[in-house]
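This briefing is meant to be read with the sequence and the model side by side. Please find each residue in the display as it comes up, and take the topics in the order given.

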Amino acid sequence: MNQKTLLYRSDASRFIAFPFSKPDGRDAKTKSSRWSKVSSESSSSPTNDPDFSALPFDILTKIAAPFNFPNLLAASLVCRSWGDALRALREAMVLLRQGKQFKHGRGGVGRNLEKALVSFLKGAARGSTLAMVDAGLIYWERGQKEEAIALYQKAAALGDAAGQCNLGISYLNTQPLNHKEAVKWLHQASVGGHVRAQYQLALCLHQGLGVEQNLQEAVK
């Protein structure tokens, strides 16, 4: 893949600011000549910048699996290669939105949990961890905890903080209890900034569940 991707800092601009004063003909020619020379050298000189467009599709889709729609759209616009690789996840976003409409009775449709689950599962099959988590929630509310945990495990393994949190809570609320695994996943979600996971982890530290009791760490 010859197409290059560009990396930006959020606080920087890729554009060069030119002075607004009108140069005379001589200065304009000189600057034009210099600019042409710089452009020619930069285009012909080799670069050591990584070619992110060459990322394998399976790795890219795993990286983008927890993305929300704005982040997924931004990633899809980086280059044609990324756009092609993330097509299934964009389809998953449409299914995720449909599922939420059915789940909550919004967007002119009646509330229908069965249709919501079908939409979420289709989105999950396309790799979206957000859809996995929402499908898992419906299964959990139905009492189908094994199905819910299986989806949370997939989402958690792909780095989804909500999936990690829900998986940790599941291990605290299903038999046999698994406090050690619960703390493991709650800790990962907490590091990712998930507030509910941080609260649940604090409770585990306070009560000594799956970890040595540590009141000092619990109140941080």
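In this predicted model, Glu 147 is found in helix 8, which covers residues 145–157. Glu 147 counts as partly exposed, because its relative accessibility is 35% and that class lies between the limits of 20% for buried and 50% for exposed. The C-alpha atom of Glu 147 is separated by 9.8 Å from that of Leu 137, and these two residues are 10 residues apart along the chain.

**The chain as a whole**
- The protein chain contains 12 helices and 0 strands, so that reading along the sequence gives the pattern α-α-α-α-α-α-α-α-α-α-α-α.
- The protein chain has 220 residues, and 31% of them count as buried.

- Ser 170 lies in helix 9, which is made up of residues 161–173.
- Ser 170 is classed as buried because its relative accessible area is 1%, and the cut-off for that class is under 20%.
- When its neighbours within four places in sequence are left aside, Ser 170 is in contact with Trp 140, Ile 149 and Tyr 152.
- Ser 170 and Trp 140 are 30 residues apart along the chain, while their C-alpha atoms are separated by 9.1 Å.

**Trp 140 and aromatic rings**
- Lys 145 lies over the face of Trp 140, and the distance to the ring centre is 4.8 Å.
- How many aromatic pairs does a search of the whole structure find? The search finds 0 such pairs.

**The nonpolar core**
- The largest nonpolar core has 42 residues, and those with the most contacts inside it are Leu 72, Leu 86, Phe 120, Cys 165, Leu 167 and Leu 186.
- This core draws at least three residues from domain 1 (77–145) and at least three from domain 2 (159–219).
- Cys 165, one of the core residues with the most contacts, is in contact with Leu 186, Ala 189, His 194, Arg 196 and Ala 197 once its neighbours within four places in sequence are left aside.

**Cysteines**
- Is Cys 165 buried or exposed? Cys 165 is buried, because its relative accessible area is 0%.
- Cys 204 is also buried, with a relative accessible area of 2%.
- The structure holds 0 disulfides, a term that would require a pair of cysteine sulfur atoms within 2.5 Å.

**A cis peptide bond**
- The peptide bond that runs from Gln 175 to Pro 176 is cis, and its omega is near -5°.
- Pro 176 lies in the loop between helix 9 and helix 10, and the latter helix spans 179–191.

Conventions
Residues numbered from 1 in each chain as written. Predicted model: local features only at pLDDT ≥ 70, side-chain atom pairs only at ≥ 80, totals over all residues. Heavy atoms only, no water. Buried < 20%, exposed > 50% of the residue type's maximum accessible area, 1.4 Å probe, protein only. Helix = DSSP H or I, 4+ residues; strand = E, 2+ residues; numbered from the N terminus. Contact = heavy atoms within 4.5 Å. Core = buried A, V, L, I, M, F, W, Y, C linked by side-chain atoms within 4.5 Å. Domains from an automatic or database assignment. Phe/Tyr/Trp six-rings, centres within 6.5 Å; stacked < 30°, edge-to-face > 60°. Lys NZ or Arg CZ within 6 Å of the ring centre and 35° of its normal.
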